[in-house]
Amino acid sequence: MGDKLTQSVAQAANHLAHADRVACLTGAGISAESGIPTFRGTGGIWEGLAVEQVATPEAFAENPQLVWRFYQARRAALLPVKPNRGHAALVTMANLCPRFTLITQNVDGLHHKAGSTGVLCLHGDIWIDRCDGCGWRTRATGLCDRLGHCSACGQPLRPGVVWFGETLPQGVLERAVEACTTAQVMVVVGTSSVIQPAASLAHWAREAGATIIEVNPERTALSGDAHVVINAPAGEVLPGLVQLWASAPRRRPG
Ligand code: APR
(Lines give C-alpha, C1' and ligand atoms only; values in the text may rest on other atoms or scores of the structure.)
Protein backbone atom coordinates (compact mmCIF):
# COMPACT_ATOMS: atom_id res chain seq x y z
CA MET A 1 0.00 0.00 0.00
CA GLY A 2 1.29 3.49 -0.85
CA ASP A 3 1.79 6.09 1.89
CA LYS A 4 -1.27 8.10 0.91
CA LEU A 5 -3.50 5.02 0.86
CA THR A 6 -2.16 3.79 4.22
CA GLN A 7 -2.82 7.22 5.66
CA SER A 8 -6.39 7.45 4.42
CA VAL A 9 -7.19 3.93 5.68
CA ALA A 10 -5.78 4.85 9.11
CA GLN A 11 -7.80 8.08 9.13
CA ALA A 12 -10.96 6.18 8.24
CA ALA A 13 -10.34 3.58 10.98
CA ASN A 14 -9.85 6.36 13.50
CA HIS A 15 -13.17 7.99 12.57
CA LEU A 16 -14.94 4.63 12.77
CA ALA A 17 -13.42 3.79 16.15
CA HIS A 18 -14.98 6.99 17.54
CA ALA A 19 -18.45 6.22 16.21
CA ASP A 20 -21.27 4.09 17.49
CA ARG A 21 -23.69 4.91 14.66
CA VAL A 22 -22.37 4.03 11.23
CA ALA A 23 -24.17 3.79 7.88
CA CYS A 24 -22.69 2.16 4.82
CA LEU A 25 -23.94 2.50 1.26
CA THR A 26 -22.72 0.08 -1.40
CA GLY A 27 -23.02 0.03 -5.17
CA ALA A 28 -22.02 -2.26 -8.02
CA GLY A 29 -18.31 -1.78 -7.23
CA ILE A 30 -18.50 -3.93 -4.08
CA SER A 31 -19.48 -6.89 -6.28
CA ALA A 32 -16.95 -6.17 -9.05
CA GLU A 33 -14.32 -8.39 -7.40
CA SER A 34 -16.85 -11.23 -7.36
CA GLY A 35 -16.88 -10.98 -11.14
CA ILE A 36 -20.10 -9.02 -11.61
CA PRO A 37 -19.62 -6.17 -14.09
CA THR A 38 -20.56 -2.68 -12.86
CA PHE A 39 -23.30 -0.70 -14.63
CA ARG A 40 -21.31 2.22 -15.95
CA GLY A 41 -17.96 0.50 -16.52
CA THR A 42 -16.91 -1.09 -19.82
CA GLY A 43 -18.84 -4.30 -20.33
CA GLY A 44 -21.59 -3.25 -17.90
CA ILE A 45 -24.32 -5.86 -17.70
CA TRP A 46 -26.85 -3.69 -19.47
CA GLU A 47 -24.62 -2.99 -22.44
CA GLY A 48 -26.18 -3.96 -25.73
CA LEU A 49 -29.35 -5.11 -24.02
CA ALA A 50 -32.72 -3.48 -24.54
CA VAL A 51 -33.44 -3.16 -20.85
CA GLU A 52 -36.67 -1.31 -21.44
CA GLN A 53 -37.99 -4.48 -23.08
CA VAL A 54 -37.65 -6.40 -19.84
CA ALA A 55 -37.12 -4.15 -16.82
CA THR A 56 -40.37 -2.18 -16.75
CA PRO A 57 -43.84 -2.80 -15.32
CA GLU A 58 -45.22 -2.34 -18.85
CA ALA A 59 -43.02 -5.14 -20.21
CA PHE A 60 -44.15 -7.43 -17.41
CA ALA A 61 -47.83 -6.61 -18.02
CA GLU A 62 -47.38 -7.35 -21.71
CA ASN A 63 -45.23 -10.46 -21.51
CA PRO A 64 -44.67 -11.71 -17.96
CA GLN A 65 -43.19 -15.01 -19.13
CA LEU A 66 -40.44 -13.22 -21.12
CA VAL A 67 -39.56 -10.97 -18.21
CA TRP A 68 -39.60 -13.92 -15.83
CA ARG A 69 -37.22 -15.88 -18.08
CA PHE A 70 -34.86 -12.91 -18.33
CA TYR A 71 -34.63 -12.70 -14.54
CA GLN A 72 -34.25 -16.46 -14.22
CA ALA A 73 -31.25 -16.19 -16.55
CA ARG A 74 -29.82 -13.43 -14.36
CA ARG A 75 -30.39 -15.57 -11.27
CA ALA A 76 -28.72 -18.53 -12.98
CA ALA A 77 -25.68 -16.37 -13.72
CA LEU A 78 -25.57 -15.21 -10.08
CA LEU A 79 -26.03 -18.65 -8.52
CA PRO A 80 -22.33 -19.67 -8.58
CA VAL A 81 -21.07 -16.16 -7.71
CA LYS A 82 -19.40 -15.87 -4.31
CA PRO A 83 -19.23 -12.81 -2.08
CA ASN A 84 -15.72 -11.36 -1.85
CA ARG A 85 -13.51 -9.98 0.91
CA GLY A 86 -15.28 -6.63 0.69
CA HIS A 87 -18.67 -8.16 1.46
CA ALA A 88 -17.10 -10.19 4.29
CA ALA A 89 -15.50 -7.08 5.79
CA LEU A 90 -18.91 -5.41 5.96
CA VAL A 91 -20.27 -8.38 7.94
CA THR A 92 -17.46 -7.82 10.46
CA MET A 93 -18.13 -4.06 10.52
CA ALA A 94 -21.67 -4.73 11.70
CA ASN A 95 -20.26 -6.68 14.65
CA LEU A 96 -17.91 -3.84 15.59
CA CYS A 97 -20.56 -1.18 15.77
CA PRO A 98 -23.64 -1.02 18.03
CA ARG A 99 -25.74 0.64 15.32
CA PHE A 100 -24.57 -0.28 11.85
CA THR A 101 -26.91 0.03 8.88
CA LEU A 102 -25.98 -1.48 5.54
CA ILE A 103 -27.73 0.03 2.54
CA THR A 104 -27.19 -1.29 -0.97
CA GLN A 105 -28.18 -0.36 -4.49
CA ASN A 106 -27.29 -3.88 -5.63
CA VAL A 107 -29.93 -6.48 -6.34
CA ASP A 108 -27.45 -9.39 -6.53
CA GLY A 109 -28.06 -10.69 -2.99
CA LEU A 110 -24.32 -10.99 -2.27
CA HIS A 111 -24.49 -9.10 1.04
CA HIS A 112 -27.14 -11.60 2.16
CA LYS A 113 -25.00 -14.50 0.90
CA ALA A 114 -22.00 -13.13 2.81
CA GLY A 115 -24.04 -13.13 6.03
CA SER A 116 -25.09 -9.49 6.40
CA THR A 117 -28.51 -9.12 8.00
CA GLY A 118 -31.09 -6.35 7.89
CA VAL A 119 -29.69 -4.98 4.62
CA LEU A 120 -31.74 -2.11 3.15
CA CYS A 121 -31.97 -3.00 -0.54
CA LEU A 122 -32.88 0.31 -2.18
CA HIS A 123 -33.37 -1.24 -5.61
CA GLY A 124 -34.81 -4.51 -4.37
CA ASP A 125 -33.37 -8.00 -4.37
CA ILE A 126 -33.39 -10.28 -7.41
CA TRP A 127 -33.87 -13.34 -5.18
CA ILE A 128 -37.24 -12.13 -3.92
CA ASP A 129 -40.41 -13.31 -5.67
CA ARG A 130 -43.31 -11.07 -4.99
CA CYS A 131 -46.93 -10.45 -5.94
CA ASP A 132 -48.04 -6.98 -6.99
CA GLY A 133 -51.65 -7.97 -6.36
CA CYS A 134 -51.59 -8.71 -2.64
CA GLY A 135 -48.00 -7.96 -1.60
CA TRP A 136 -47.10 -11.61 -0.81
CA ARG A 137 -43.35 -12.22 -1.04
CA THR A 138 -40.85 -14.99 -0.55
CA ARG A 139 -37.12 -15.61 -1.00
CA ALA A 140 -36.47 -17.89 -4.00
CA THR A 141 -34.23 -20.82 -3.24
CA GLY A 142 -33.64 -22.12 -6.74
CA LEU A 143 -34.43 -21.56 -10.39
CA CYS A 144 -37.72 -22.11 -12.13
CA ASP A 145 -38.23 -21.46 -15.84
CA ARG A 146 -42.00 -21.38 -15.59
CA LEU A 147 -43.66 -18.16 -14.47
CA GLY A 148 -44.94 -18.61 -10.93
CA HIS A 149 -48.32 -17.46 -9.63
CA CYS A 150 -49.25 -16.14 -6.21
CA SER A 151 -50.76 -18.90 -4.08
CA ALA A 152 -52.93 -16.30 -2.31
CA CYS A 153 -54.43 -14.30 -5.19
CA GLY A 154 -53.31 -16.00 -8.41
CA GLN A 155 -51.47 -13.05 -9.98
CA PRO A 156 -48.18 -13.71 -11.78
CA LEU A 157 -45.14 -13.45 -9.51
CA ARG A 158 -42.45 -10.95 -10.34
CA PRO A 159 -38.85 -10.47 -9.23
CA GLY A 160 -38.49 -8.10 -6.28
CA VAL A 161 -36.36 -5.57 -8.11
CA VAL A 162 -37.18 -1.93 -8.79
CA TRP A 163 -37.94 -1.46 -12.48
CA PHE A 164 -37.62 1.71 -14.53
CA GLY A 165 -40.43 4.07 -13.66
CA GLU A 166 -41.13 2.44 -10.30
CA THR A 167 -40.72 3.95 -6.86
CA LEU A 168 -38.37 2.43 -4.29
CA PRO A 169 -39.77 -0.26 -1.96
CA GLN A 170 -42.02 1.23 0.69
CA GLY A 171 -40.25 2.29 3.85
CA VAL A 172 -36.78 1.30 2.68
CA LEU A 173 -35.67 4.76 1.58
CA GLU A 174 -37.13 6.29 4.76
CA ARG A 175 -35.10 3.88 6.90
CA ALA A 176 -31.97 4.58 4.86
CA VAL A 177 -32.40 8.35 5.25
CA GLU A 178 -32.93 7.92 9.00
CA ALA A 179 -29.76 5.78 9.29
CA CYS A 180 -27.65 8.21 7.24
CA THR A 181 -28.84 11.39 8.90
CA THR A 182 -28.25 10.00 12.39
CA ALA A 183 -24.90 8.34 11.60
CA GLN A 184 -21.66 9.83 12.86
CA VAL A 185 -19.77 8.14 10.02
CA MET A 186 -20.99 7.08 6.60
CA VAL A 187 -18.93 4.75 4.41
CA VAL A 188 -19.74 4.84 0.69
CA VAL A 189 -18.35 1.88 -1.23
CA GLY A 190 -18.25 1.18 -4.97
CA THR A 191 -20.84 3.55 -6.34
CA SER A 192 -20.50 6.23 -8.99
CA SER A 193 -22.94 8.30 -6.86
CA VAL A 194 -25.01 9.50 -9.79
CA ILE A 195 -28.31 7.64 -9.44
CA GLN A 196 -30.91 9.28 -7.22
CA PRO A 197 -32.08 9.12 -4.55
CA ALA A 198 -29.17 6.89 -3.39
CA ALA A 199 -26.63 9.51 -4.47
CA SER A 200 -28.15 12.07 -2.10
CA LEU A 201 -27.81 9.93 1.02
CA ALA A 202 -24.17 10.87 1.61
CA HIS A 203 -24.95 14.56 1.12
CA TRP A 204 -27.81 14.40 3.62
CA ALA A 205 -25.53 12.53 6.05
CA ARG A 206 -22.82 15.16 5.63
CA GLU A 207 -25.29 18.02 6.20
CA ALA A 208 -26.42 16.27 9.38
CA GLY A 209 -22.81 16.18 10.61
CA ALA A 210 -21.50 12.77 9.53
CA THR A 211 -17.94 12.15 8.40
CA ILE A 212 -18.02 10.71 4.88
CA ILE A 213 -15.54 7.99 3.90
CA GLU A 214 -15.47 6.91 0.26
CA VAL A 215 -13.94 3.65 -0.97
CA ASN A 216 -13.56 3.54 -4.74
CA PRO A 217 -10.61 3.05 -7.12
CA GLU A 218 -11.95 5.94 -9.26
CA ARG A 219 -12.91 9.52 -8.54
CA THR A 220 -16.69 9.94 -8.40
CA ALA A 221 -19.37 12.61 -8.15
CA LEU A 222 -19.05 12.30 -4.34
CA SER A 223 -15.25 12.42 -3.98
CA GLY A 224 -15.04 16.22 -3.66
CA ASP A 225 -17.46 16.15 -0.72
CA ALA A 226 -15.99 13.14 1.11
CA HIS A 227 -13.81 13.77 4.18
CA VAL A 228 -11.67 10.69 3.55
CA VAL A 229 -11.21 9.15 0.11
CA ILE A 230 -9.70 5.68 -0.10
CA ASN A 231 -8.75 5.19 -3.75
CA ALA A 232 -8.60 1.41 -3.99
CA PRO A 233 -10.74 -1.66 -4.69
CA ALA A 234 -13.03 -2.54 -1.79
CA GLY A 235 -11.87 -6.14 -1.46
CA GLU A 236 -8.28 -4.98 -1.13
CA VAL A 237 -8.75 -2.29 1.52
CA LEU A 238 -11.88 -3.07 3.53
CA PRO A 239 -10.42 -6.11 5.38
CA GLY A 240 -7.43 -4.02 6.54
CA LEU A 241 -9.66 -1.11 7.46
CA VAL A 242 -11.87 -3.37 9.56
CA GLN A 243 -8.81 -4.89 11.24
CA LEU A 244 -7.48 -1.44 12.14
CA TRP A 245 -10.90 -0.40 13.43
CA ALA A 246 -11.13 -3.55 15.55
CA SER A 247 -7.74 -2.93 17.12
CA ALA A 248 -8.18 0.83 17.64
CA PRO A 249 -8.81 2.07 21.18
CA ARG A 250 -12.54 2.79 21.57
CA ARG A 251 -13.27 6.37 22.43
CA ARG A 252 -16.89 6.64 21.51
CA PRO A 253 -18.81 9.86 21.88
CA GLY A 254 -21.08 9.93 24.91
N1 APR B 1 -14.17 -1.59 -5.35
C2 APR B 1 -14.84 -0.43 -5.15
N3 APR B 1 -15.41 0.28 -6.16
C4 APR B 1 -15.27 -0.20 -7.40
C5 APR B 1 -14.59 -1.41 -7.69
C6 APR B 1 -14.01 -2.11 -6.60
N7 APR B 1 -13.34 -3.25 -6.77
N8 APR B 1 -14.63 -1.62 -9.03
C9 APR B 1 -15.34 -0.60 -9.56
N10 APR B 1 -15.72 0.27 -8.59
C11 APR B 1 -16.51 1.49 -8.69
C12 APR B 1 -16.41 2.22 -10.01
O13 APR B 1 -15.27 3.07 -10.03
C14 APR B 1 -17.72 3.00 -10.01
O15 APR B 1 -17.56 4.27 -9.40
O16 APR B 1 -17.88 1.14 -8.58
C17 APR B 1 -18.66 2.15 -9.17
C18 APR B 1 -19.77 1.48 -9.93
O19 APR B 1 -20.61 2.48 -10.45
P20 APR B 1 -21.90 2.13 -11.29
O21 APR B 1 -21.56 1.11 -12.32
O22 APR B 1 -22.49 3.41 -11.74
O23 APR B 1 -22.85 1.40 -10.24
P24 APR B 1 -23.79 2.04 -9.12
O25 APR B 1 -23.26 3.33 -8.64
O26 APR B 1 -24.04 0.97 -8.14
O27 APR B 1 -25.10 2.29 -9.96
C28 APR B 1 -26.24 2.72 -9.27
O29 APR B 1 -27.58 2.61 -11.24
O30 APR B 1 -28.25 1.62 -13.19
C31 APR B 1 -28.57 1.82 -11.87
O32 APR B 1 -29.95 0.50 -10.53
C33 APR B 1 -28.66 0.54 -11.07
O34 APR B 1 -28.12 0.17 -8.74
C35 APR B 1 -27.64 0.70 -9.97
C36 APR B 1 -27.50 2.20 -9.91
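Which helices and strands each supply at least two residues of the lining of the second largest pocket? I opened the notebook with that, working on a predicted model.

**Entry 1: the pocket**

I listed the contributing elements. They are helix H6 (110-114), strand E3 (120-121), strand E4 (124-131), strand E5 (137-139), strand E6 (157-161) and helix H7 (172-182).

I found 30 residues in the lining. Nearest the centre of the pocket lie Cys121, Gly124, Asp125, Arg137 and Val172. I sorted the lining by class and got 11 nonpolar, 12 polar and seven charged residues.

**Entry 2: the domains**

I checked the domain assignment next. Domain 1 is made of 3-36 + 83-123 + 168-247, and domain 2 of 42-80 + 131-161.

I took the domain centres over C-alpha atoms, and 28 Å separate them. I also looked up the contacts between the two. Six residues of domain 1 are in contact with six residues of domain 2.

Which residue of E6 is the bridge partner of Arg130? I found Arg158 there.

I then looked for a helix against these strands.

**Entry 3: the six-stranded sheet**

E3 belongs to an open sheet of six strands in the order E3-E2-E1-E7-E8-E9, with parallel pairing. The edges here are E3 and strand E9 (228-230), and each pairs on one side only.

I noted how E1 and E2 are joined. Strand E1 (residues 21-26) and strand E2 (residues 99-104) run parallel, with six bridges between them. Cys24 has Leu102 in E2 as its bridge partner.

Which strands does helix H1 (residues 3-17) touch as it packs on this sheet? I found E1, strand E7 (185-189), strand E8 (211-215) and E9. The direction of H1 makes about 130° with that of E9. Helix H5 (residues 85-96) also packs on the sheet, touching E1 and E2. Its direction makes about 150° with that of E2.

I ended with backbone geometry. Most residues other than glycine have a negative phi, and most peptide bonds are trans. I looked for exceptions.

Which residues does a cis peptide bond join? I found Gln196 and Pro197, with omega about 5°. Pro197 is in the loop between E7 and helix H8 (198-207). Ser193 lies in the loop between E7 and H8 as well. I read its phi as near 55°, a positive value in a residue other than glycine.

How values were computed. Residues numbered from 1 in each chain as written. Predicted model: local features only at pLDDT ≥ 70, side-chain atom pairs only at ≥ 80, totals over all residues. Heavy atoms only, no water. 1 Å grid on protein atoms, 1.4 Å probe; cavity = no way out; pocket = protein on both sides within 12 Å on 5 of 7 lines; lining within 4 Å. Helix = DSSP H or I, 4+ residues; strand = E, 2+ residues; numbered from the N terminus. Nonpolar A, V, L, I, M, F, W, Y, C, P; charged D, E, K, R; others polar. Pairing = 2+ DSSP bridges. Contact = heavy atoms within 4.5 Å. Axes fitted to C-alpha atoms, helices over the stretch in contact; angles between N-to-C directions. Domains from an automatic or database assignment.
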